[in-house]
Amino acid sequence: MAYSAVSGNGTTAGDDPLQTAVWRLRSRACWADAAALLPTDTPTYSLQRAGLMVERCLYTEGGWEEAEDALRTAEAVARTDEERGAAACERGQLAYAATLHGVRDRADEARAALGRAAALIPPGAPGRALLDFRRGLLAENLTGSPQAARAAYRRAHAAATAHTDPLLLSFTWRHLAGLALRDGELAEARHGFAESLRIREELGYLVGTAPALASLADTESEPEASRLREEAGRLFRLLGGVPTWLARQLTPPEPGAATA
């Protein structure tokens with residue numbers, strides 16, 4: 001497979017030892033160390049390195065220049081339409097992350113890049129699932145179109161199931177649950193967040209486990225909600241405060257403050 005920026009490579013017994021080592025570092029928020037293990041001589045590894053650097057930006061709100069450098073390399077060495085589409089998908093994700101975190105408004109660039117990826121990655125290809133998921137992120141968080149986001153997440157969920165990509169499934173479960181919670185569908189949200197957490201714990205995806213715990217806590221009553229948030233906080237501190245944006249969700253409200 002030419003593209004594994006958010007994939008399950010290295011997560012199961014019998015996988016390529018290199019991918020297993022990369023996964024272990026990535027899952028512990030050591031993206032630069034993971035990228036340093038990858039050879040530099042193929043489009044496949046250049047794309048994977050770019051994906052790691054882009055993911056670091058999303059989780060840490062830093063490392064933008066390194067991500068740009070890795071992405072330019074991946075774009076330069078891409079040879080097939082799928083490789084070019086995968087690079088465009090990463091370009092769209094980097095622009096999305098920069099916009100989401102308020103670094104710079106690159107929403108138009110994100111839309112254009114994901115549109116280019118959609119023209120290059122054929123329907124049914126493994127990379128299409130991730131592309132659909134990222135188009136859902138754009139619709140939900142930048143465009144404010146929850147219905148379009150839900151449709152994209154569902155397409156990604158079905159494709160991730162078909163291609164046995166459990167990590168991507170943990171993301172689709174999580175974001176579908178988030179939309180359900182916004183709509184007041186508490187039981188549906190709780191189920192989705194619980195599935196996301198279960199998958200991440202099974203995979204050992206530590207950097208994604210704290211957010212999953214915190215989200216599930218939002219659907220639970222006390223004392224379970226506090227227990228989940230405490231566990232999320234422990235993991236958050238263990239990983240050095242990553243993902244950075246989780247700090248806002250874990251900070252308790254001021255005494256007497258109104259809560260949503």
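Reply: Start with alanine 29, which lies in the loop between α1 (17-27) and α2 (31-36). Helices here (H or I, at least four residues) are DSSP runs, numbered from the N terminus. This is a predicted model, where local features need pLDDT of at least 70, side-chain atom pairs count only at pLDDT 80 or more, and totals for chains, interfaces and linings use all residues. Residues are numbered from 1 along each chain as its sequence is written, and side-chain values use heavy atoms, with hydrogens and water left out.

Me: What is phi of alanine 29 near?
Reply: Alanine 29 sits in the loop between α1 and α2. Its phi is positive, in a residue other than glycine. The value is near 70°.

Me: Where is proline 223 found?
Reply: The peptide bond from glutamate 222 to proline 223 is cis, with omega near 5°. Proline 223 belongs to the loop between α11 and α12 (224-238).

Me: Are α3 and α4 roughly parallel or roughly antiparallel?
Reply: Axes are lines fitted to C-alpha atoms, for helices over the stretch in contact, and angles run from 0 to 180 degrees between N-to-C directions. The axes of α3 and α4 come within 8 Å and cross at roughly 155°. Angles under 35 degrees count as roughly parallel, over 145 as roughly antiparallel, 65 to 115 as roughly perpendicular and the rest as oblique. The two helices are therefore roughly antiparallel.

Me: How many nonpolar residues are in the contact of α3 with α4?
Reply: Contact means heavy atoms within 4.5 Å. On the α3 side, the residues include Leu47, Met53 and Val54, and they meet α4 residues including Trp64, Leu71 and Val77. By class (Ala, Val, Leu, Ile, Met, Phe, Trp, Tyr, Cys and Pro nonpolar; Asp, Glu, Lys and Arg charged; the others, Gly among them, polar), the contact has 2 polar and 3 charged residues, and its nonpolar count is 12.

Me: What is the handedness of the crossing of α4 and α5?
Reply: The axes of α4 (residues 64-77) and α5 (residues 81-100) come within 10 Å and cross at roughly 160°. That makes α4 roughly antiparallel to α5. A crossing is left-handed if the near helix is turned anticlockwise from the far one by less than a right angle, and right-handed if clockwise. This crossing is left-handed.

Me: How many charged residues are in the contact of α4 with α5?
Reply: Glu68, Arg72 and Glu75 are among the α4 residues, and Glu90 and Arg91 are among those of α5. The contact has 7 nonpolar and no polar residues. Its charged count is 5.

Me: How much space lies in the largest pocket?
Reply: A pocket is an open set of points on a 1 Å grid over the protein atoms alone, where a 1.4 Å probe fits, with protein on both sides within 12 Å along at least five of seven lines; lining residues have an atom within 4 Å of a point. Grid points are joined across faces, edges and corners, and a volume is the space filled by probe spheres set on the points. The value here is about 840 Å³.

Me: Which element gives the most to the lining of the largest pocket?
Reply: The lining has 30 residues, and the closest to the centre are Leu137, Asn141, Arg174, His175 and Trp245. By class, the lining has 15 nonpolar, 8 polar and 7 charged residues. With 6 residues, the top contributor is α7.
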